[in-house]
Amino acid sequence: MRVEIEIRLWMFLPRRASNEKYDDMADERRGTNILLRADETFTNIKKSEVGPIIPTHGFSSFKFIPGTDDTWIIALKSEEDSAANRTNTYITVFSIDGQVALPETPLKGAMKFEGIEFV
């Protein structure tokens with residue numbers, strides 16, 4: 001008799017990361033390239049890096065790509081750089097182990113998107 005066990009994972013793509021006290025201006029340069037995966041009991045946590053760190057870019061949304069058995073992710077990264085008076089959104093595609101298929105690519109227009117959806 002074969003028994004299949006369903007493994008449930010929590011996935012996190014933090015927008016910012018720092019060991020420092022919060023500072024509004026410094027926060028704009030604390031973007032991440034971190035993907036965290038945790039089992040449902042949070043006893044097994046793994047960290048992957050997704051592409052290079054670009055300090056002004058932080059994750060704002062992600063979805064699993066349909067038909068990939070929740071192994072590939074499409075994500076948006078936002079940039080708000082007050083010093084350069086710049087706001088942008090980038091799109092990227094990567095696997096749950098951090099393998100990048102589409103490096104961060106800017107979307108047209110100086111806009112900040114914080115959601116992505118498949119319809």
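Good morning. Leaving aside its neighbours within four places in sequence, Arg37 is in contact with Trp10, Met11, Asn44, Ile45, Lys46, Ser48, Ile96 and Asp97. I begin with this residue and then turn to the chain around it. Please bear in mind throughout that the model is predicted.

Arg37 is found in strand E2. Which side chain of opposite charge is nearest to Arg37? That side chain is Asp97, at 5.8 Å. Arg37 is buried, yet it has no salt bridge. The distance to Asp97 is 5.8 Å, whereas a salt bridge requires the nitrogen to be within 4 Å of the carboxyl oxygen. The side chain of Arg37 does, however, have a polar atom 2.3 Å from the backbone oxygen of Ile96.

Three strands form an open sheet, in the order E1-E2-E3, and their pairing is antiparallel. The edge strands are E1 and E3, the latter covering residues 45–49, and each of these pairs on one side only. From one strand to the next, the twist averages 20 degrees. Strand E2 spans residues 34–39 and is joined to E3 by five bridges. Within this part of the structure, Leu36 stands opposite Lys47 in E3.

The loop between E2 and E3 contains Phe42. Phe42 has a positive phi of about 60 degrees, although it is not a glycine. Most residues other than glycine have a negative phi. Is Phe42 buried, partly exposed or exposed? With a relative accessible area of 40%, Phe42 is partly exposed.

A second residue of this kind is Asn85, which is not a glycine either and has a positive phi of about 50 degrees. Asn85 is placed in the loop between E5 and strand E6, the latter comprising residues 86–95. Its relative accessible area is 72%, and Asn85 is therefore exposed.

I turn next to the charged pairs. Side chains of opposite charge can pair when their charged atoms come close. How many salt bridges does the model contain? The count comes to nine, and I shall discuss several of them.

In one of these, the side chains of Arg16 and Asp27 meet, with an N to O distance of 3.4 Å. Arg16 lies in the loop between strand E1 (9–12) and helix H1 (24–27), while Asp27 belongs to helix H1, so the pair ties together parts that are 11 residues apart in sequence. Asp27 is buried, its relative accessible area being 18%.

Another salt bridge joins the side chains of Glu79 and Arg86, at 3.2 Å from N to O. Here the two partners can be described individually. Glu79 counts as buried, at 2% relative accessibility. Arg86 counts as partly exposed, at 36%.

Which residue forms a salt bridge with Lys112? The partner is Glu80, and the closest N and O atoms are 2.8 Å apart. Lys112 lies in the segment after strand E7 (100–106) and Glu80 in strand E5 (residues 72–81), so this pair ties together parts that are 32 residues apart in sequence. Lys112 counts as partly exposed, at 29% relative accessibility. Glu80 likewise counts as partly exposed, at 33%.

Taken along the principal axes, the C-alpha atoms fill a box of roughly 65 × 35 × 20 Å. Of the 119 residues, 34% count as buried. Among the contacts in the chain with a separation of 6 or more, 46% involve residues 24 or more positions apart.

To close, I return to the residue with which I opened. Arg37 is buried and without a salt bridge, while a polar atom of its side chain lies 2.3 Å from the backbone oxygen of Ile96. Thank you for your attention.

How values were computed
Residues are numbered from 1 along each chain as its sequence is written. This is a predicted model: local features need pLDDT of at least 70, side-chain atom pairs count only at pLDDT 80 or more; totals for chains, interfaces and linings use all residues. Side-chain values use heavy atoms; hydrogens and water are left out. Helices (H or I, at least four residues) and strands (E, at least two) are DSSP runs, numbered from the N terminus. Buried means under 20% relative accessible area, exposed over 50%, partly exposed in between (1.4 Å probe, protein chains only). Two strands pair if DSSP finds at least two bridges between them. Axes are lines fitted to C-alpha atoms, for helices over the stretch in contact, and angles run from 0 to 180 degrees between N-to-C directions. Lys and Arg count as positive and Asp and Glu as negative; His and the chain ends are not counted. A polar contact is a pair of N or O atoms within 3.5 Å; within protein, one must be able to donate a hydrogen and the other to accept it, and residues adjacent in sequence count only if both atoms are side-chain atoms. Contact means heavy atoms within 4.5 Å.
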